[in-house]
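Have a look at the structure, then go through the notes below.

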Amino acid sequence: MRAAILAGTLSLMCIASPAVAPAQNPPDGADLVRLMHDRYVGKWYKTLTFTQATVRRTAADTMVHETWYESAKLPGRLRIDVGAPDGDPIILFARDSTFVRRGSNKVVGRPGRNPLLILGFDIYTQPVERTVSVLREEGFDLGKMHEGTWEGRKVFIVGAAPGDTTSQQFWVDAERLLFVRMLGPVAPGRPGLEDVRFDKYQPAGGGWLATFVTAARDGKLIQSEAYSDIRVNTPIPDSRVDPTQLDKP
C-alpha cells in the first residue's frame with residue numbers, strides 16, 4: 001500500500017459484483033464518509049491477504065523489483081513482509097502507529113498512520129466518528145468538497161476547493177463510493193506533491209479491492225503495486241498483527 005506488474009487469479013468469497021445504489025450528493029466530507037460506511041457496513045471483508053509485485057524508486061533514482069506479502073485485519077492493522085512471508089524488514093501499521101523490525105534488531109515504533117489504509121479499507125469497517133476524527137487529524141478539511149471527473153466517472157473531491165490540486169485531498173467514485181485518489185504535500189515542511197491512485201478495482205467478498213496502486217511525487221513515479229493471490233475473510237491470528245509479537249520467531 002503506501003509502504004502500496006502482474007495480476008494473478010483472485011481467490012474471492014463472492015464472484016458477483018457488489019450491488020451499486022444510485023449516487024447521492026452529500027453536503028460535505030463527513031457525510032460522504034457516512035455514505036461510504038453505510039453502503040458496505042456488514043458486507044466488507046474483515047481480513048485480506050495478497051502478494052504484491054512492487055516496483056519502487058530508490059534514493060539512487062533506480063527502480064528495484066520486490067515481492068511483498070501483505071496481511072490486513074480490519075480495521076486498523078496492516079502487516080507488510082518484504083521478500084518472504086516472514087520477511088526482512090517487516091512493517092506493521094497498528095494502534096495509530098508504525099512498527100518496523102529489521103533483522104534481529106529491536107522493533108522500532110513511532111506515531112503515524114497509513115491514510116491509504118483508512119481511506120481504502122477502515123472507512124467501511126469502523127465507526128464513522130472514528131474515521132472522521134482521524135481524517136481530520138491527518139490534515140483533510142472535510143468541510144470542503146466539490147464534484148469532478150476522474151477517468152470518465154463522477155467523483156467527490158474532499159479537502160479542496162475547485163481548481164486546488166495542492167491541498168491535502170481525497171477523491172471518491174460517486175457511484176461505487178470507493179476511494180480512487182489522494183493528493184497532497186509529501187509531508188509537512190517538505191517540498192513536493194504526492195499523487196496516489198487506486199486502480200483496477202475488482203469485487204472482493206462483499207466489498208472491493210483496487211488491484212493496482214501507484215504513487216508519484218511531482219509527476220515522477222515512486223512506486224507501483226500489483227496484487228495477486230488475493231484472499232478475503234480467511235483467519236489471521238491476532239499475533240501476526242500484534243506489535244508486541246514482531247520480535248518473536
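Trp 44 is buried, with a relative accessible area of 3%; buried here means under 20% relative accessible area, exposed over 50%, and partly exposed in between, using a 1.4 Å probe and protein chains only. Keep in mind that this is a predicted model, where local features need pLDDT of at least 70, side-chain atom pairs count only at pLDDT 80 or more, and totals for chains, interfaces and linings use all residues. Residues are numbered from 1 along each chain as its sequence is written, and side-chain values use heavy atoms, with hydrogens and water left out.

**Overall**
- The protein has three helices and 13 strands, taken as DSSP runs numbered from the N terminus (helices H or I, at least four residues; strands E, at least two).
- Of its 249 residues, 51% count as buried.

**Aromatic pairs**
- Rings of Phe, Tyr and Trp (its six-membered ring) pair if their centres lie within 6.5 Å; planes under 30 degrees apart are stacked, over 60 edge-to-face, and the rest tilted. That rule gives eight aromatic pairs.
- One of them joins Trp 44 and Tyr 45: the ring centres are 5.2 Å apart and the planes sit at 35°, so the pair is tilted. Tyr 45 is buried, at a relative accessible area of 0%.
- Phe 179 and Phe 198 have ring centres 4.8 Å apart and planes at 70°, so this pair is edge-to-face. Phe 179 belongs to strand 10 (residues 179-187) and Phe 198 to strand 11 (residues 190-204), so the pair ties together parts that are 19 residues apart in sequence.
- Phe 179 counts as buried at 1% relative accessibility, and Phe 198 does too at 5%.
- Tyr 40, Trp 44, Tyr 45 and Tyr 124 make up one aromatic cluster.

**Charges over rings**
- A charge sits over a ring if NZ of Lys or CZ of Arg is within 6 Å of the ring centre and within 35 degrees of the ring normal.
- The charged end of Arg 181 sits over the ring of Trp 171, 4.6 Å from its centre, and that of Lys 200 sits over the ring of Phe 212, 5.0 Å from its centre.

**Helix 1**
- Nine of the 12 residues of helix 1 are buried, including Leu 32, Met 36 and Tyr 40.
- Just after helix 1, Gly 42 takes a positive phi of about 80°.

**The Gln 168 loop**
- Gln 168 lies in the loop between strand 8 (153-158) and strand 9 (169-173), and is buried with a relative accessible area of 19%.
- Leaving aside neighbours within four places in sequence, its contacts (heavy atoms within 4.5 Å) include Glu 138, Phe 140 and Met 182.
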